[in-house]
Amino acid sequence: MNKERILEEAVTFVKSELGADSSGHDFWHAYRVSELAGRIARAESADEFVCRLTGLIHDVADEKLNDSEESGLMKVRSWLERQQVEFGIIETMMEIIQTMSFKGGGQPPVRTMEGKIVQDADRLDAIGAIGIARTFAYSGKAGQLIYDPNLKPREEINKESYRKGKSTAVNHFYEKLLKLKDMMNTPSAQALAEERHQFMLTYLERFYQEWELK
Ligand code: ADP
Ligand code: NI
């Protein structure tokens, strides 16, 4: 198993699968998650290869980009088999990809250290300056408003309403982004999340100031 070659092949695979997506899952999201997961893996003495590779391909199976969750997962598994990734690693990676997504919360916890790390990296990319950018990009694509003072954030969200319900970009901060800081699995990610979280609070403060002409 040639790890460097597999990582290079993964870049090509992910570019062709996600390259043109504009809902926040483009290639560069995968790249950032992979780099961040690699860095956290070194700090936490986890398997850097598994973290980087899973970071790259974690969204290829996303149900929003495939006919079904199953067909997306099959696509990822068969790609890993073609790259002759070790069987045990394929199993670990498939488990991580299936359990790590937010989907409104309430998912079973991720079991492996590498899973916890990739989940942290994915969550870190959803907050801070980049997270703000992705939220407005996604919102526009989904036809949501930037903000509507009459539409309050939803308190209770399940998988269905998270995907289907009507919301705004600013409400998404309360429905998801501001909750992520306290959901980090590793100390390294917690430290990074703290700064990104503070930046979002500052951003919201400014947003309301301008909205209210203060
Ligand atoms: P991932 O699978 O990478 O965890 P999602 O598929 O949940 O992320 O969402 C992709 C990006 O779009 C994220 O940055 C997320 O915060 C944002 N997003 C998801 N749902 C909404 C929404 N209802 N309104 C605004 N932004 C959203
Ligand atoms: Ni992601």
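Where is the place of Ser45? Ser45 sits in the loop between H2 and H3, where helices are DSSP runs (H or I) of at least four residues, numbered from the N terminus.

Welcome to this predicted model, in which local features need pLDDT of at least 70 and side-chain atom pairs count only at pLDDT 80 or more. Residues are numbered from 1 along each chain as its sequence is written.

Most residues other than glycine have a negative phi.

| Residue | Phi | Place | Relative accessible area |

Next comes the metal. The nickel ion (ligand 2) has His29 (NE2), His58 (NE2), Asp59 (OD) and Asp122 (OD) as protein donors, 2.1 to 2.3 Å away; donors are N, O and S atoms within 2.8 Å of the metal (3.2 Å for Na, K and Ca). His29 belongs to helix H2 (residues 27-43) and Asp59 to the loop between H3 (48-57) and H4 (69-82), so this pair ties together parts 30 residues apart in sequence. Both His29 and Asp59 are buried.

Finally, look at two helices. H3 packs against H6 (residues 113-124) at about 45°, with axes 9 Å apart. The contact (heavy atoms within 4.5 Å) involves Val50, Cys51, Thr54 and Gly55 of H3 with Glu114, Ile117 and Val118 of H6.

How values were computed: Chains lettered and ligands numbered in written order. Heavy atoms only, no water. Buried < 20%, exposed > 50% of the residue type's maximum accessible area, 1.4 Å probe, protein only. Axes fitted to C-alpha atoms, helices over the stretch in contact; angles between N-to-C directions.
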